[in-house]
Amino acid sequence: MTVRVLALHKPRGVVVSTVREGGAASVFELLPEELRAWFAVGRLDKDSAGLLLLCDDPRVAQRLMDPGQLTKAYRVTVEGYPRDEDLAAMPYRRRLARLLA
């Protein structure tokens, strides 16, 4: 069987859930009916926008989400400049500090 993966740009204000939450639309409502049974690979917050992968095989989706299976990189934009104490709370703060310098 061929596993299919779909890349979707999730807009802000939409939840990664199979049901509406707090009046917010579900990301699956953006899909054609035949893709609504697919599985989200990870989550994005309601207020976040960005790449969301969907997969038609739940085992593959789970493997893609497993922290030890793939190296993942994230790019975020923040307003202002993070305080030292905010950076100190982050597990990868040294690498982040170098990126911000």
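I began with V41, which stands opposite L53 in β3. I note that the model is a predicted one.

I then looked up the strand pairing around that position. β2 and β3 (residues 50-55) run antiparallel and are joined by 3 bridges. Helix α1 (residues 58-65) packs on the sheet and touches β2 and β3. I recorded an angle of about 15 degrees between the direction of α1 and that of β2.

Next I examined the sheet as a whole. I found an open sheet of 3 strands in the order β1-β3-β2, with antiparallel pairing. β1 (5-10) and β2 (39-41) each have a single partner strand and stand at the edges, so one side of each lacks a neighbour in the sheet. Neighbouring strands are turned by 40 degrees against each other on average, direction ignored.

I turned to the salt bridges, of which the structure holds 5.

- R20 and E29 meet through their side chains at 3.0 Å, N to O; E29 is partly exposed, because its relative accessibility of 35% lies between the limits of 20% and 50%.
- R36 pairs with E33, with the closest N and O atoms 3.4 Å apart. I list R36 as partly exposed at 34% relative accessible area, and E33 as exposed at 58%.
- R83 pairs with E85, with the closest N and O atoms 3.3 Å apart. R83 is partly exposed at 48% relative accessibility, and E85 is partly exposed at 49%.

Finally I checked the surface for nonpolar patches. Y74, V76 and V78 make one of about 390 Å². I located V78 in the loop between α1 and α2 (84-88).

Notes
Residues numbered from 1 in each chain as written. Predicted model: local features only at pLDDT ≥ 70, side-chain atom pairs only at ≥ 80, totals over all residues. Heavy atoms only, no water. Pairing = 2+ DSSP bridges. Helix = DSSP H or I, 4+ residues; strand = E, 2+ residues; numbered from the N terminus. Axes fitted to C-alpha atoms, helices over the stretch in contact; angles between N-to-C directions. Contact = heavy atoms within 4.5 Å. Patch = residues over 30% accessible without salt bridge, like charges linked within 9 Å, V, L, I, M, F, W, Y side chains within 5 Å. Areas by Shrake-Rupley, 256 points an atom, 1.4 Å probe, with all protein chains shown as cover. Salt bridge = Lys/Arg side-chain N within 4 Å of Asp/Glu carboxyl O. Buried < 20%, exposed > 50% of the residue type's maximum accessible area, 1.4 Å probe, protein only.
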